[in-house]
Amino acid sequence: MEARMKSPANPDVITAVQHLYKAIHAGGVDPRVLELVHLRASQINGCGPCVFAGVASAKKHGETDERLHSVVTWRETPFFTEAERAALALTEAATRIQDGAPGVTDEIWEAATAHFDDGQLSAIILNVAMTNFFNRINRAVREQAGTTW
């Protein structure tokens, strides 16, 4: 598979994205949680470049191979805290919004609010949205993992 475009980036969009990421990282969420969120949404969407970049970025933040290999099966492993589990559940529910999907249920929301304040929840939700944004662009243009990031 080859990429369909050399660079779909628009300078104005890049500037806007940089501002959004600044807001995400100012939200007070542990960067490792944000990396797990990014990785899980990218796995769900089958975005090779974002999974590749997400693993590399998570490792720079001190994430272990054991945990990174287990993100896809986070419910069945002992490697994640309750707060991380709440963030991953929120990520999955906010990402899987196809026809008929329940989305973020009250139960998922309540679990997240037990671990994160409004500013942190806002950062997590924005991180999920930005990840889904890039996943969709990368899938549309067939961006390749490891080639441009």
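## The annotated region

UniProt positions are given here in the numbering used for this chain, feature names are shortened, and annotations may be inferred rather than shown by experiment. With that in mind, the unreviewed UniProt entry annotates residues 11-92 as "domain: Carboxymuconolactone decarboxylase-like". Over residues 11-92 the chain is 73% helix and 0% strand, with the end C-alpha atoms 30 Å apart. Helices (H or I, at least four residues) and strands (E, at least two) are DSSP runs, numbered from the N terminus.

A word on the ground rules before the details. The model is predicted, so local features need pLDDT of at least 70 and side-chain atom pairs count only at pLDDT 80 or more, while totals for chains, interfaces and linings use all residues. Residues are numbered from 1 along each chain as its sequence is written, and side-chain values use heavy atoms, with hydrogens and water left out.

## The second largest pocket

Let's start with an open space. On a 1 Å grid over the protein atoms alone, a pocket is an open set of points where a 1.4 Å probe fits, with protein on both sides within 12 Å along at least five of seven lines; lining residues have an atom within 4 Å of a point. Grid points are joined across faces, edges and corners, and a volume is the space filled by probe spheres set on the points. The second largest pocket has a volume of about 250 Å³.

Twelve residues line the second largest pocket, and Glu35, His38, Ala53, Gly54 and Ser57 are the ones nearest its centre. Helices α1 (11-25), α2 (31-45) and α3 (48-60) each give two or more residues to this lining, and α3 gives the most, with five residues. By class, the lining has six nonpolar, five polar and one charged residues. Here Ala, Val, Leu, Ile, Met, Phe, Trp, Tyr, Cys and Pro count as nonpolar, Asp, Glu, Lys and Arg as charged, and the others, Gly among them, as polar.

Arg67 lies in helix α4 (residues 65-70). Its relative accessibility is 9%, so Arg67 counts as buried (buried means under 20% relative accessible area, exposed over 50%, partly exposed in between, with a 1.4 Å probe and protein chains only). The side chain of Arg67 makes a polar contact with the side chain of Glu84 at 2.7 Å. A polar contact is a pair of N or O atoms within 3.5 Å; within protein, one must be able to donate a hydrogen and the other to accept it, and residues adjacent in sequence count only if both atoms are side-chain atoms. Leaving aside neighbours within four places in sequence, Arg67 is in contact (heavy atoms within 4.5 Å) with Arg32, Leu36, Phe79, Phe80 and Glu84.

Phe79 sits in the loop between α4 and α5 and is partly exposed, because its relative accessible area is 28%. Phe79 and Arg67 are twelve residues apart in sequence, and their C-alpha atoms are 6.1 Å apart. Not counting residues up to four places away, Phe79 touches Glu66, Arg67, Ser70, Glu84 and Arg85.

Val72 belongs to the loop between α4 and α5 (82-95). At 45% relative accessible area, Val72 is partly exposed. Beyond four places in sequence, Val72 touches Arg40 and Gln43.

Thr91 is in helix α5 and is buried, with a relative accessible area of 0%.

Asn45 is found in helix α2 and is buried, at 14% relative accessible area. The side chain of Asn45 makes a polar contact with the side chain of Asn135 at 2.8 Å. Leaving aside neighbours within four places in sequence, Asn45 is in contact with Thr95, Asn132, Asn135, Arg136 and Arg139. The C-alpha atoms of Asn45 and Arg96, 51 residues apart along the chain, are separated by 8.9 Å.

Arg139 is part of helix α7 (residues 118-141). Not counting residues up to four places away in sequence, Arg139 touches Asn45, Gly46 and Cys47. Arg139 and Thr95 are 44 residues apart along the chain, and their C-alpha atoms are separated by 15 Å.
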